[in-house]
Amino acid sequence: MNQDKSMEFMQIAMKYLPEQAKEKLDQAGVEISFELLQPFMELFTKVMNEAYELGKNDALK
């Protein structure tokens, strides 16, 4: 995975996580720490990387 893209994806996640995701988790009664969040962030970057590659390949057609 491209390190620069991974950083961009993490920046996107961190843009929304503190506000919207945390609020939703709090409403559901779920407490989460950064340590618990790490595996989900890794999954997020994998999903975003695949979506990016899919869009890139479509654009090249």
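Student: Where is V47 placed?

Tutor: V47 sits in helix 2, a helix being a DSSP run of H or I with at least four residues, numbered from the N terminus. Please note that this is a predicted model, in which local features need pLDDT of at least 70, side-chain atom pairs count only at pLDDT 80 or more, and totals for chains, interfaces and linings use all residues. Residues are numbered from 1 along each chain as its sequence is written, and side-chain values use heavy atoms, with hydrogens and water left out.

Student: Is V47 buried, exposed or partly exposed, and why?

Tutor: V47 counts as partly exposed because its relative accessibility is 47%. Buried means under 20% relative accessible area, exposed means over 50%, and partly exposed lies in between, with a 1.4 Å probe and protein chains only.

Student: What about E42, where is that?

Tutor: E42 is also placed in helix 2, which covers residues 34–60. E42 counts as partly exposed, because its relative accessibility is 44%.

Student: How far is E42 from N57?

Tutor: Their C-alpha atoms are separated by 23 Å, and the two residues are 15 residues apart along the chain.

Student: Changing topic, how many helices and strands are there?

Tutor: The chain has two helices and zero strands, where a strand would be a DSSP run of E with at least two residues.

Student: And how much of the chain is buried?

Tutor: Of its 61 residues, 15% count as buried.

Student: What box do the C-alpha atoms fill?

Tutor: Along the principal axes, the box is roughly 45 × 20 × 15 Å.
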